[in-house]
Amino acid sequence: MRKSSAKRKSAAAASRAGDDESARGRLLSAATHLFCKDGINATGIDAIINEAGTAKTTLYKLFGSKTNLVHAVLESEGKQWREWFIGAIEAGGGDAEKKLSRIFPALKSWFGEERFYGCPFINAVAEHDKDQKQFRNIAMKHKKVVLAHIERLATEMGAAEPEVLAHQLALLIDGAIVAAMVSRNPGVADMAGLAACSLFGPSKAKKPKRASGAAAQLVAV
């Protein structure tokens, strides 16, 4: 009897864990969609639980607060986006310059998706107090991973200043994302791609002057 009771308890615990994991996934999916489409501040808890099909108590049990849910969404979205982005530029192999040249065609494909609402990190920082560090820190962590991969490829390509080239490309990426979000025109990626290609040759030929002082703070992260 004791063994049977223990088995039932174990099965019940496993079932609850499975239910929590399912609810967590639905809440993350619903929050991601609504935060990106409508904005974090404009999206209330009720809208999230209605789309996810869960109870409010379930949201607070799994995440504790809306702020924690936002953090979880950004972490999850960042991981998925980085895996997609790096996979897209690495797919098909080729040399480093070939891989870097795939950046903007990949972005163009993303810009053309029905659910393209811009970069969740840019959006999160933009709609909150600019002195607030919580979302900026998550955004910086995400961007540094992307930037490090681009810089590695720039080094392999033989760029005289790989770090500078990586920052230049990062600025073009961010600019293209914002322009595509505002214009709803995926073609802005083509223009950014042309600008990026024009950097490859000169970046090998000479070392650009490093920014200093206040100007240095304007480079991309």
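Buried here means under 20% relative accessible area, exposed means over 50%, and partly exposed is in between, with a 1.4 Å probe and protein chains only. A170 sits in helix α9. From A170 to V146 is 24 residues in sequence, but 8.5 Å in space, C-alpha to C-alpha.

Some ground rules. This is a predicted model, where local features need pLDDT of at least 70, side-chain atom pairs count only at pLDDT 80 or more, and totals for chains, interfaces and linings use all residues. Residues are numbered from 1 along each chain as its sequence is written, and side-chain values use heavy atoms, with hydrogens and water left out.

Now the overall picture. The protein chain has ten helices and zero strands. Helices (H or I, at least four residues) and strands (E, at least two) are DSSP runs, numbered from the N terminus. Buried residues are 38% of the 221 residues in the protein chain. Contact means heavy atoms within 4.5 Å. Take the contacts between residues at least 6 apart in sequence: 68% of them join residues at least 24 apart.

Next, the core. A nonpolar core is a set of buried Ala, Val, Leu, Ile, Met, Phe, Trp, Tyr and Cys residues joined through side-chain atoms within 4.5 Å. The largest one has 56 residues. Which of them touch the most other members? They are I48, L69, F85, I103, L107, F111 and I150. Helix α8, residues 133-157, gives the largest share of this core, with nine residues. Domain 1 (19-73) and domain 2 (95-217) both give residues to the core, so it lies between them. Those domain bounds come from an automatic or database domain assignment.

Look at F85. Setting aside residues up to four places away in sequence, F85 touches I103, L107, V146, I150 and I173.

Stay with α8 for a moment. H142 is in that helix. H142 is buried, with a relative accessible area of 5%. What does H142 contact, leaving aside neighbours within four places in sequence? The partners are G78, W81, R82 and F121.

On to a helix pair. Two packed helices are described by the angle between their axes and the distance between the axes. For α2 (residues 45-52) and α3 (residues 56-63), the axes come within 9 Å and cross at roughly 100°. Axes are lines fitted to C-alpha atoms, for helices over the stretch in contact, and angles run from 0 to 180 degrees between N-to-C directions. So α2 and α3 are roughly perpendicular to each other. The cut-offs: under 35 degrees is roughly parallel, over 145 is roughly antiparallel, 65 to 115 is roughly perpendicular, and the rest is oblique.

Who meets whom? On the α2 side we have I45, D46, I48 and I49, and on the α3 side K56, L59 and Y60. By class, that contact has five nonpolar, no polar and two charged residues. Ala, Val, Leu, Ile, Met, Phe, Trp, Tyr, Cys and Pro count as nonpolar, Asp, Glu, Lys and Arg as charged, and the others, Gly among them, as polar.

Now helix α1, residues 2-38, with R26 in it. R26 is partly exposed, at 34% relative accessible area. R26 and T54 are 28 residues apart in sequence and 8.2 Å apart in space, C-alpha to C-alpha.

L34 is buried, with a relative accessible area of 9%. Not counting residues up to four places away, L34 touches G39, T43, A47, I48 and E51.

Last stop: R184, in the loop between α9 (162-183) and α10 (188-205). Its relative accessible area is 47%, so R184 is partly exposed. Most residues other than glycine have a negative phi. R184 has a positive phi, near 60°. That's the tour.
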